[in-house]
Amino acid sequence: MTDLQSFVLKEKPSRRELLAYLPASEREVHIAVYRNHSFELVEHTIGAYLDFAGLKAVFSYSDYDDSLTFLSLDKKADLLILWLDLGRYKQTDVSVFIGARIVELRKTFKKSVLVVPVGGNVDVEDESVTVADFSSLTATFGADFFDERMEAASGTRVSARALIAISKELGLRYIPACVLPTLKAIVVDLDNTLYQGVLGEDGIDGIVLTEGHRRFQSVLKEKAEAGWFLCVASKNDPRDVENLFAKRTDFPLRKEDFTGFFASWDDKPIAMEKILKMLNIGMDSVLFIDDNPGEIAQMQARFPHVHTLVAEPDGDVTAQALAYYPGMLKIGANAEDALRSADVQANEERERMQTELSQTEYVRSLQIELCFFVDDMHFAPRIAELANKTNQFIFNYKRYTLEEINDLMRNKNSVVVSATLSDKLSESGTIAVCVGIREDETLVLDECFVSCRALGRGIDDILILEMIRVAAETLGVKKLSVRFQKGERNVPAERFVEKFLKNYIDKTNEINFVTDTSLVNLTVRRN
Amino acid sequence: MEQVAEIVACVLKKDVAFVQENLTTENLWNSLTRVEIIMTVEEELDILFTPDEIKKVTTVQALMDIVGEKL
C-alpha cells in the first residue's frame, strides 16, 4: 500500500500521529456542524482520512443547540452535519422530533445533510438526508464508546478511541459519500488477489481459497449485485481463467458476476483502456485492486486518476480496506443500480448488430422504448444521483441535491423531464434529464445530462431534443435558450450542442428542430 | 517526561523547547486543548486520569507531576 493508504486503511494510527498529520489536498469542502455536543475533537483527528479522500475540510460550528432552532445556520456550507448526542433528549421517540426539525431545516438549506447520532439511532424519512450508522462501532466498543470523565472539559461524552473511529468513518466514508461522486467500477487482478497462489504455476486445483479471500470475493459479489461494475484485468492465459471459474465452484464469485473479463498477456493498462471504453466511464470512477505494487504503479503511470488499492495476503484486510475506500459507500442506492451491469453487457450485442445493419435498420431493430416523466418526484433520487456523477454528457455541471430537484419539480415556472430507456436487449432505467426554467415566453435550458451508457444507440437527438420539446410544452412556451458551460470533460455534450443546438446558445429562438420519432416508441407521462 | 513534553508540543503545535521553557506557565491551553493533551498522554502511556486530576492539569509541570505519580 502507499504510505498514506497504509496509514489510514491498514494501521491503527495513534492520536498523536493523527494530530500531527499535515493534509496536502487542495480541494476544499466547507462543512457546517450543527451540534448539541463538541465536534472539535473529531475535527482534530479527521485530516488524514479526508486527505486520503482528496478533501480538505473547513469546519464551521453552531452554538450548542438541543432545540435545533437552526437560527445560526451556515447556509453557504457544502454539507451540514447534525452532530447529536441523543442521550441529551428526554423524549422517547427523538426521531419524530428530529424529523420535524429537518422539515424546517429544508425550507432554508438545500445542500447535503448528514445526521450523525451517538447514543441511539434515528430514523429520518427525508430521502435527501443521510443518517450515519454507527451500530457496528457501538457494538465493537460496548461500554467504552463513552467516557464521561472528560465530558465537563471536552463537551462530549464520547471516548477518545471512539472519537478516532468516528473520524475514520466520517473522513473515509460518509463525508466523501455526501460531497463526491461514488466510484462506479472495481477492476481486480486474479493471482494473490482473489485467491492465494498463481494460476499459471499452481494450476486450478493448486490455488487456495483462504477464508479471508472467500470473504473478499463475497464482498465483491455483493458489490456486483448492488450495481457496481466488476471487471477482471489479469495477466493470464484466457483459457485458464475461463476454466478456473468453471471448475472452482467453491469460489463465491462466478463469471456472470463480472461485467467484463480481460485476461491476456498484455500489460494491464491495455485491459483498463478496454474496460473504460466498454463501460464508457472516466478513469477516476474506477478502483483497481492488485497485489503487485509494480502493476499498480504501471497503471497509475498510464491512468493517473484511477484509484488503486494493493491487495494484501490476508483477504480480510483487503476486504476491510475496500469497505473504507472513499467512494465505496453509496448513499441513496436504488433498484436502478442493479440494472447497470446487464445494460453494459448488452452493449456488445448492440455493437455487433450495428456493424451488420444500416443505421436506421439498426435503430428500429433495437425496439427502443423511451418514456419521459414530467416532474415525477418518484424519480427525484435517481435524478439527483445522475446529476452528481455525470461528467461527460452534462451541459452546466449543476450538481443538484435531491431537495433542489424536488423544488424545481414543485415550482410552476420550472420543469424537470426525466427519461427511461429500454430496448429488446436490456433495461437501462433512468438515463437522461433536462431541467428547464421559464423566463418570459422562453424555455431556458438550465441543465441537461445523460448517462454515457445510453448514448451512441443512434437516438441521441431524439432523446434530448424531444425532452426539450416536452419541457417547453409543459411550460407553455415556444422559444428556447440554452445555457452551456464548457468544462474539462464534457466534450460529448459540447459536440451535441454544436451539432443540434447552436442556434440557441446565448440566443433565444423559436423551437424548430425535427427528429424522426418513428424510430422509437415514445411515451410521455405527466403527473 | 520527555515524551510528555513532546505530546504537549505536538498538540500545541509548538516546538519542545517552547514547552520546556514554559513548564509552569498558566493558560497555555483552553479546556478543549487540555482534553486533547490528556487523551494523547493516556493513549501513549497507557494511564488514566481521574476527573479531579483532569481539573488539575493547568500547567505542563502539573501534568508531568500527575504522570510521574502514575508511572
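Buried here means under 20% relative accessible area, exposed over 50%, and partly exposed in between, computed with a 1.4 Å probe on protein chains only. The structure is a predicted model, in which local features need pLDDT of at least 70 and side-chain atom pairs count only at pLDDT 80 or more, while totals for chains, interfaces and linings use all residues. Residues are numbered from 1 along each chain as its sequence is written, chains are lettered from A and ligands numbered from 1 in the order in which they are written, and side-chain values use heavy atoms, with hydrogens and water left out.

Helices (H or I, at least four residues) and strands (E, at least two) are DSSP runs, numbered from the N terminus. In helix α5 of chain B (residues 60–70), the buried residues are Val60(B), Ala62(B), Leu63(B), Met64(B), Ile66(B) and Val67(B). The buried residues of α5(B) pack against α1, α2 (16–21), α3 and α4 of chain B.

Chain B also meets chain A. Taking contact as heavy atoms within 4.5 Å, 21 residues of chain B touch 16 residues of chain A. The size of an interface is often given as the accessible area lost when the parts come together.

A salt bridge is a side-chain nitrogen of Lys or Arg within 4 Å of a carboxyl oxygen of Asp or Glu, and four of them are found across the interface of chain B and chain A. One salt bridge joins Arg149(A) to Glu42(B), with their closest N and O atoms 2.6 Å apart. Polar contacts are pairs of N or O atoms within 3.5 Å; within protein, one atom must be able to donate a hydrogen and the other to accept it, and residues adjacent in sequence count only if both atoms are side-chain atoms. Eight residue pairs, both residues at pLDDT 80 or more, are in polar contact between chain B and chain A. The elements giving two or more residues to the chain B side are α1 (2–12), α3 (31–45) and α4 (51–56) of chain B, and α3(B) gives the most, with 11 residues. By class, the side of chain B that touches chain A has 11 nonpolar, three polar and seven charged residues; Ala, Val, Leu, Ile, Met, Phe, Trp, Tyr, Cys and Pro count as nonpolar, Asp, Glu, Lys and Arg as charged, and the others, Gly among them, as polar.

Within chain A, strand β3 (residues 79–85) has seven of its seven residues buried. In a regular strand the side chains alternate between the two faces of the sheet. Both faces of β3(A) are covered, with Leu79(A), Ile81(A), Trp83(A) and Asp85(A) buried on one side and Leu80(A), Leu82(A) and Leu84(A) on the other. Two strands pair if DSSP finds at least two bridges between them. β3(A) pairs in the parallel sense with β1(A) over five bridges, and Leu80(A) is the bridge partner of Ala32(A). β3(A) also pairs in the parallel sense with strand β4 of chain A (residues 112–118), over seven bridges, where Pro117(A) is the bridge partner of Leu84(A).

Asn36(A) lies in the loop between β1 (28–35) and α3 (40–45) of chain A and is buried, at a relative accessible area of 3%. A polar atom of the Asn36(A) side chain lies 2.8 Å from the backbone nitrogen of Asp85(A). Arg88(A), in the loop between β3 and α5 (94–105) of chain A, counts as partly exposed at 44% relative accessibility. A polar atom of the Arg88(A) side chain lies 3.4 Å from the backbone oxygen of Asn36(A), and the side chains of Arg88(A) and Asp66(A) make a polar contact at 2.9 Å.
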